[in-house]
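Take a moment to look at the fold as a whole before turning to its parts.

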Amino acid sequence: MTIAVYPGTFDPIHYGHVDIAARAAALFDELIIGVYDRPAKSLLFSTEERVAMCREALQAYPNVKVFPYRTLTVEFAREHHATAIVRGLRVISDFEFEFQMALTNKTLAPEIEFVCLMTSLQYAFLSATILKEVAALGGDISGMAPPVVQEALRRRFQGKGDPASQVVSTIVARD
Ligand code: ADP
C-alpha cells in the first residue's frame with residue numbers, strides 16, 4: 001500500500017490545492033493532507049477551520065484523509081507510514097523553495113521521496129493570498145475555491161468595514 005502526505009498551510013484550501021490532491025489521490029493508495037498548525041506567516045483561519053474546510057472540500061475522494069500537525073513534516077509523514085511527500089508547483093519561484101525544502105527533508109529522512117506535481121494551467125495564477133484578497137474586495141471567487149471556502153470567506157469579510165484592511169496581515173512573501 002502506497003501512502004503519501006500532502007502538507008501545507010491551506011489557509012484556506014482552494015481549487016489549485018484540490019486539483020493537486022485529486023491527482024495525487026489517483027497516484028497513491030492513500031493521501032494524507034497535513035494541515036500545518038503553526039507556519040511562519042499570519043493566518044486568516046484557525047487550524048480547526050482549515051482542517052474542516054479541507055475535509056469538506058475533499059470528501060468526494062475516499063482515499064484522502066486530513067489531519068493537523070505541528071511537528072516536522074517528515075515526522076508527520078513517518079507517523080502515517082508515508083513513503084512520499086507531495087507538493088504542487090506553479091511557477092519557477094515555487095521551484096526554488098520546494099527544491100530547498102526537498103533537500104532539507106531528504107537529509108532528515110532519506111527514505112521519503114518528494115513528488116512535485118505541476119499545477120494545472122487554469123490554476124497557475126491561484127494562491128491562498130490571491131483568493132483572500134479577491135474575497136476581501138468582494139470579487140467573484142466561485143472559480144477559485146470550493147463552496148465551503150467561499151462561504152467561510154464571505155462570513156469572515158462580511159461587515160468588516162474597509163475590506164482591504166482585513167487582509168493586509170495575511171499577505172506573506174510567499175504562499
Ligand atoms: P505552504 O504554506 O506550505 O506553501 P500552501 O497551503 O500555500 O502551503 O500550499 C501547499 C502546496 O500546494 C504547496 O506545494 C504549493 O506550492 C501548492 N499549491 C498552492 N497553490 C497551488 C496551485 N494553484 N497549483 C498547484 N499547486 C499549488
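Which strands does helix H1 lie across? In this predicted model, helix H1, made of residues 15–27, lies across strand S1 (3–8), strand S2 (30–36), S3, S4 and S5, and runs at about 125 degrees to S5.

These strands belong to an open sheet of five, arranged in the order S3-S2-S1-S4-S5 with parallel pairing. Strand S3 (64–69) and strand S5 (113–118) stand at the edges with a single partner strand each, so one side of each has no neighbour in the sheet. On average, and with direction ignored, neighbouring strands of this sheet are turned by 30 degrees against each other. In general, the strands of a sheet pair through backbone hydrogen bonds. Strand S4 (residues 84–89) runs parallel to S5 and is joined to it by six bridges, and Ile85 stands opposite Phe114 in S5. Helix H4 (residues 92–108) lies across S4 and S5, running at about 170 degrees to S4.

Helices also pack against each other: H2 (residues 47–57) and H6 (residues 147–157) meet at an angle of about 145 degrees, with their axes 9 Å apart. Glu49, Met53, Glu56 and Ala57 of H2 make this contact with Val148, Val149, Ala152 and Arg156 of H6, and the residues of the contact divide into five nonpolar, no polar and three charged.

Finally, a search of the whole structure finds zero disulfides. Cys54 is in no disulfide, as the nearest cysteine sulfur, that of Cys116, is 19 Å away. Cys54 counts as buried because its relative accessibility is 0%, whereas Cys116, with a relative accessible area of 36%, is partly exposed.

How values were computed:
Residues numbered from 1 in each chain as written. Predicted model: local features only at pLDDT ≥ 70, side-chain atom pairs only at ≥ 80, totals over all residues. Heavy atoms only, no water. Axes fitted to C-alpha atoms, helices over the stretch in contact; angles between N-to-C directions. Helix = DSSP H or I, 4+ residues; strand = E, 2+ residues; numbered from the N terminus. Contact = heavy atoms within 4.5 Å. Nonpolar A, V, L, I, M, F, W, Y, C, P; charged D, E, K, R; others polar. Disulfide = S-S within 2.5 Å. Buried < 20%, exposed > 50% of the residue type's maximum accessible area, 1.4 Å probe, protein only. Pairing = 2+ DSSP bridges.
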